[in-house]
Amino acid sequence: MANLTFIVFCPLVAALVIALLPRTFNVLFRLLALGATFLSLVGAVRVFLALEPGAAGLQFEHRVPWIAALGIGYHVGVDGLNAGLLLMGALVAFAAVCVSREITERQQVYYVLLLLMAGGILGAFVSFDLFLLYVFHELALVPTFILIGLWGRGEDRNFATFQITLYLSLGALIALAGLIALYVQAGADTFNLPELTRRLAAQPLAASAQSVIFGLLLFGFGVLVSLWPFHTWAPTGYAAAPTAAAMLHAGVLKKFGLYGLIRVALPLLPEGARDWANVLAWLALGNILYCGLVAMRQRDLNLLIGNSSVAHMGFAFLGIASLSVVGVTGTVVVMIAHGLLAALSFAVSGYLHQHLRTVNLDQLGGLLRTLPFLGGVMVMAMFAGCGLPGFANFPGEVLTLFGAWPSHPTVVVLAAWGALVIAAVYMLRAARALWHGPLPERWREARDARGAWVRLPFALLLGALVIFGCAPRLLTDQIRPVVARLVKPASKAVAAPALAVATPAIRSTAPPPASQPEVTQ
Amino acid sequence: MSDLVVIGLELAVVLTGMGVLLAELWVSPAQRRRLGQGVALALGLVLLASFAITLEPSRTAFGGMYVLDELALFFKRLFLLAALLVTVIALEFADRFEAGHSEYHALTLFALAGMMFAASAQHFALLFVAVELVTVAFYVLVSFTRRRVTALEAGVKYLILGALASAFLVFGIALVYAATGTLAFEALAGRLETFTGNRLVVAGLLLVGAGLGFKLAVVPFQIWVPDVYQGAPFPTTAFLSVGSKAAGVVLLLRVLFEAAPELTARSGPLLPLLAGLTMGYGVLGAIPQRSLRRLMGYSSIANAGFLLVGVATRTGEGIGAVLFYLAGYVFAVLLVFLVATLVWRGAETDEIPALGGLSRRAPGLAAALTLGAASLAGIPPLAGFMGKFLLIRAAIQGGAENPTLYWLAAITLVAAVVAIYYYFGLVRAVYWGEEVTGAGSVPVSRPARLALVVCAGGVVGLGLFPGLVLGWARQAATGLSF
């Protein structure tokens, strides 16, 4: 089962089977969906465990010719960079199907769309053909639209569906233009990533072309990741989405843009990366500070989680902007950690919405008494969100800050303030409003999550957060060698001029963390 | 005699049309439906026969006026397929015609013959005759439901503007002839070098372009489209938006790249400008529409713009992309019209909100409509995406030599995003639009079901496995000179 094609196509085939079943087989739909995502999860775990860290090249590779006339092929594989993401994606997909118990109407359409989305997401993270990567990512577009429209909540969900769809399409199309430009400029007549990498390593593009294409990819992928100031679709979209769609989207799909930047833009366009690094660092600060402040003002739990999730993306961007091994490794850890965290938060919020019919912080309170399990889970998730050590977010955010220090000290100072203070303020205030204080009469009968099946998704996600938080080496040992290879051209491009001007003073005031000697190479 | 063999496909279509007219004398009214099924069957056979034709070497007829080459064959297959599916739509729509079922099928066949001749035109005379054959047949087809005022209005508008376009066309041809003394494309291309600065030739070709622009629905000759689309019966609208447009495309390609390649190469920013304007007009006009046919009318204008992007690149890649895009477009548009015809059987409406609740009443049709709309919107992995991808790729590739194309690619991207908005409006109406009261389940006849499967299969198949058709499209584009 440790076969990538199997992992990706399990949900897709299940979607097809469900679509072809008669409408009355209601029980079977959910079972099939659970089974398919569980198989994917088992496969992803096995791939993650069997991966040899540091081995050159791809593992579990599978290549099939597809559209030879255009240089497009089916090519999947994993290395240290995407094994963790694949695991996280499969875990969130399984959890998302688990929490879909709340859906009672039109289950057939629901599970078909959810599984399509899950398959597309998993496929996007293991594709090594740029075209395939794009197609898998876009597979989620129509399902997202219909899921939010049909099962979404709130009065402005109609607006939210169109906003999220148009924003994501715009971002995706800009990125596509960048990818096509890359393909045309490389002149290799292939969309295959390893081949393009070899080709461009031998004959790099002209600096001006690199800069333009990197800009296209940065803003295209950036919109997909809700880069400030193109982030407004995210909070409203997530607030309107049904729980499972929000989990998959905020948790996994959104990471695709970051993945694209790390996997495609950094190694293939090192000069372009250098040109844009400063801009990116300041925009990332926009995410961290601006969206953090916006999150502080929210009275709706979903909007709060949505804004905080946008704010967290700032750390991921900052890590990329550092163009250093430490920073980018941190970005990948943040991607995985935040995927789990966002899915967990939306799962809890979805549970609250289903049972209390509101997630307005002003109407809730004292719920820890009636909902001890959920309350415990949520408080831990909130601590993780403030970057408390012991949860996977902490190593990720710390690494991005360390990595960015040598190149963007000002931004790091401001970002650290945002991370430590602003996040703590809104998370703790939300925790107080939700779980402490007097319990309104109407919530006395609220039912906590009972039974192993109901608790399973929460336990899985929180467990993964804690495991990777206590032993981040499980991730970093895999990620670092690959990131070192991918970042090398770009960091060279930075290092050469930077070292020429760079004062020994800066380097001595910024002692690199002991375990990361690559920075000062 | 050998000429008749070369035009065998057209002959078969014309004979079928006449056969249908005659057959009505003997067929009882209760059996009329059979007639349409017979037409569909015959078209299917002709389509199959077209694959038996070998083109080594490409053949000509009537002293070189008519050519049967890869490009012609590609379009003939496209027209045959479109007419076949349109006939199935017409079968479903037939209850709404008071009389003249067989005439409707016969006129469709005659229009089809005109399109097929157009695909082979090598001479301005054949071009004009073919265009007139198509247009005159459509004059009747547009106002076929003759008791409805909107249909008559559409018919009159199409008649007046069509006649105007024909006048442009014939005047342009006359000017070209006056200046150069020839009407044959090949001879014209040979002599054009001596006439490059000749204003008469330039004016003549611009007028010809205007006449064809009317067929294609290119700005500024697009005004008629929404009204005519809205008033015409569904099958006619469907045939207008795929067949008539594709005929315009093939004639444009023939004129631009066979009759006047020299002038085309020196046309500067004209084609990119028209492409950009057409896309912009189409997508912006489509946003507020409530009538499905009107929406498809604006979408048809926008798609003419997308097609022109490929033409404007003036490369084999670009033209190949245009042909591929058209193939995907045919399947997607006919899928939408087929579903609409089935859903609104017996209803006078074509308002998009009237699709509300379709996903409960007929989940299969709802999924089919979603597929068609998503393909038109250019969502991977469907045919429409592949087509847009190829067009944008061709534009970016051509940008190295002609930087205007970078701007065109950017406009195409923006237009594609706007297009997503209005096509997804259809999806919204189907899935969570307000439910229409009193609407029951939707019966789907066997031919319609087959046509649905063919269209959906085409939309998905061309998206996932574009290799074969793309190969044909590229092969067809090789005969043109850029």
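## Notebook: a two-chain predicted model

B:Phe62 has 15 C-beta neighbours inside 10 Å, so I put it down as partly exposed; the cut-offs are 20 or more for buried and 12 or fewer for exposed.

**B:Phe62, continued.** I looked up where this residue sits: B:Phe62 is in the loop that runs between strand E1 (59-61) and strand E2 (66-68) of chain B.

**Another positive phi, in chain A.** A:Arg357 has phi near 65°, again positive in a residue other than glycine. I found A:Arg357 in the loop between H15 and helix H16 (372-385) of chain A. Buried or exposed? I count 10 other C-beta atoms within 10 Å of A:Arg357, so it is exposed.

**Cis peptide bonds.** In chain A, the bond from A:Trp228 to A:Pro229 is cis, with omega near 5°. A:Pro229 belongs to the loop between H9 and H10 of chain A. B:Pro381 is in the loop between helix H17 (363-377) and H18 of chain B.

**Chain A overall.** I have 21 helices and 2 strands for chain A. Its radius of gyration is 22 Å, close to the 24 Å from the globule rule for 521 residues, so I call chain A as compact as a globular protein of that length. The C-alpha box is roughly 70 × 55 × 40 Å along the principal axes. Of the 521 residues, 60% count as buried. For contacts in chain A with a separation of 6 or more, I get 83% between residues 24 or more positions apart.

**Chain B overall.** For chain B I also list 21 helices and 2 strands. A compact globule of 482 residues would have a radius of gyration near 23 Å, and the 21 Å of chain B agrees with that. The C-alpha trace of chain B spans about 70 × 55 × 40 Å along its principal axes. Buried residues make up 60% of the 482. Among contacts in chain B between residues at least 6 apart in sequence, 79% join residues at least 24 apart.

**H7 against H9, chain A.** I looked at how helix H7 (residues 157-186) meets helix H9 (residues 207-224): their axes come within 7 Å and cross at roughly 155°. That makes H7(A) roughly antiparallel to H9(A), as angles over 145 degrees count that way. The crossing is left-handed. On the H7(A) side I noted residues including A:Tyr167, A:Leu168, A:Ile174 and A:Gln185, and on the H9(A) side residues including A:Ile213, A:Phe219 and A:Leu224. By class, the residues of this contact come to 17 nonpolar, 4 polar and no charged.

**H15 against H17, chain A.** H15(A) and helix H17 (residues 393-404) of chain A pack at about 155°, with axes 7 Å apart. These two are therefore roughly antiparallel, and their crossing is left-handed. Among the residues that meet are A:Val326, A:His338 and A:Leu341 in H15(A), with A:Asn393, A:Glu397 and A:Phe402 in H17(A). Here I count 10 nonpolar, 9 polar and 1 charged.

**H10, chain A.** How many residues of helix H10 (residues 233-240) of chain A are buried? I get 8 of 8, so to speak a mostly covered helix. The buried residues include A:Trp233, A:Pro235 and A:Tyr238. The cover includes helix H6 (141-151), H7, helix H11 (243-253), helix H14 (301-322) and helix H15 (325-356) of chain A.

**Where the chains touch.** I find 24 residues of chain B in contact with 25 residues of chain A. On the chain B side, helix H18 (383-399), helix H19 (404-432) and helix H21 (467-477) each supply at least two residues. The largest share, 11 residues, comes from H19(B).

Definitions and conventions: Residues numbered from 1 in each chain as written. Chains lettered and ligands numbered in written order. Predicted model: local features only at pLDDT ≥ 70, side-chain atom pairs only at ≥ 80, totals over all residues. Axes fitted to C-alpha atoms, helices over the stretch in contact; angles between N-to-C directions. Helix = DSSP H or I, 4+ residues; strand = E, 2+ residues; numbered from the N terminus. Parallel < 35°, antiparallel > 145°, perpendicular 65-115°, else oblique. Left-handed = near helix turned anticlockwise from the far one by under 90°. Contact = placed C-beta atoms within 7 Å. Nonpolar A, V, L, I, M, F, W, Y, C, P; charged D, E, K, R; others polar. Rg over C-alpha atoms; globule rule 2.2 N^0.38 Å.
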